[in-house]
Amino acid sequence: MHALPTCLNLSEVYARIHSNCSSNTGGNGLKMSTVTDRERTTLLALLKLRPAKMSWSEIASEAALRGSAVCLWDEMFGLTLDGVGGAETDALAAAEQTWAEWDQGDFDVTTVLDDSYPLSLKSIHQVPPLLFSRGRLRPVETAVSVVGSRNASAEGLRIAANVARGLVDREITVLSGLANGIDEAAHAATIEAGGRALGVIGTGITKTYPAVNKSLHHDVARSGALVSQFLPDAPPQKHNFPMRNATMSGLGVASVVVEAGEHSGARIQARVAVEHGRPVILTSLVLESTMWGRELLHRPGVYAASSTAEVMELVDKLAEFAFDGPPQPVLA
């Protein structure tokens, strides 16, 4: 018996459920995807089925490693005498319908298989399979996270704004999470200075959290990009925000933690950034008020800064060798 060619069986199933290719143009009038409809539908079907109990990040990594969701599908759901089962066919049909709905949305969708997917995210194990965005998402850029407490002090807000303005002066994208406090101050200063803002949110792209920052969401999308890794209508949930912090770390070349408490989300980002091999800069506000900050300072790649000037000096040094080339994907 001759061996079956790679990626054969899905085409037969797909032909039965797919008659007309939908448009690849999103609500912003931009091309949503550089991969085929078949690939993106198959990727979404894999995410729905989660074969072998794979996580979304594992599916994303394995699909990117092969350069094809279709090939991954054929490995997971090989051709049998009975053909592909009803659950698999239903998942493909549902995925196709979902993409048709997303194509009509006022946002763009980038898959891990797209050329426009941020390359730096492929270097972390928590790689999101899908990114929903408004604005201009770039495959390669130098960005630095400016993060911290929602209940920030006046000094913390001042430092956040000054650091953001310093990054704009250096043509570095300012990356933050659009929460109240430090995040809000950093992005407001970025926009006022005419810089590029990149906001990563912990809800779906159609949601605004907190609601009072709706206008800031719009401003960030206009000046750079608003990004979500969650399904478009996903509400704010506690477990979303650590995942969002991992994505922020992956998108940036470094993280500046301006001010934070013992249980702040910024602590999560600082720790995951160290795991990612990304530099972390902790201001004296963090080191004086948190035990985790003082403990983290002993880890490689973690730096202390007692002033905005020291933060920017560190950024200048880190930026010199941050991109000899884009980080290599971690896809195994």
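How many aromatic pairs does the structure hold? The structure, a predicted model, holds five aromatic pairs, where rings of Phe, Tyr and Trp (its six-membered ring) pair if their centres lie within 6.5 Å, and where planes under 30 degrees apart count as stacked, over 60 as edge-to-face and the rest as tilted. In this predicted model, local features need pLDDT of at least 70 and side-chain atom pairs count only at pLDDT 80 or more, whereas totals for chains, interfaces and linings use all residues. Residues are numbered from 1 along each chain as its sequence is written, and side-chain values use heavy atoms, with hydrogens and water left out.

The protein contains 13 helices and nine strands, taken as DSSP runs (helices H or I, at least four residues; strands E, at least two) and numbered from the N terminus. Of its 332 residues, 55% count as buried; buried means under 20% relative accessible area, exposed over 50% and partly exposed in between, for a 1.4 Å probe and protein chains only. Among contacts (heavy atoms within 4.5 Å) between residues at least 6 apart in sequence, 73% join residues at least 24 apart.

One of the aromatic pairs is formed by Trp73 and Phe77, which are tilted at 50° between the planes, with 4.6 Å centre to centre. Trp73 is buried at a relative accessible area of 0%, and Phe77 also counts as buried, at 16%. A tilted pair is likewise formed by Tyr209 and Phe241, with 6.0 Å centre to centre and 50° between the planes. Because Tyr209 lies in the loop between β5 (197-201) and α8 (214-223) and Phe241 in helix α9 (residues 240-251), this pair ties together parts that are 32 residues apart in sequence. Tyr209 is partly exposed, with a relative accessible area of 42%, whereas Phe241 is buried at 16%. Ring pairs also link Trp99, Trp102, Phe107 and Phe132 into a cluster.

On a 1 Å grid over the protein atoms alone, a cavity is a set of points where a 1.4 Å probe fits but cannot get out, a pocket is an open set with protein on both sides within 12 Å along at least five of seven lines, and lining residues have an atom within 4 Å of a point. The second largest cavity has a volume of about 40 Å³, where grid points are joined across faces, edges and corners and a volume is the space filled by probe spheres set on the points.

The largest pocket has a volume of about 260 Å³. It is lined by 17 residues, of which Arg150, Arg244, Ser264, Gly265 and Ala266 are the closest to its centre. At least two lining residues each come from β3 (143-148), α9 and α10 (265-276), and α9 gives the most, with five.

Ser176, in strand β4 (residues 173-176), is buried with a relative accessible area of 0%. Beyond its neighbours within four places in sequence, Ser176 is in contact with residues including Val146, Asp183, His187 and Met248.
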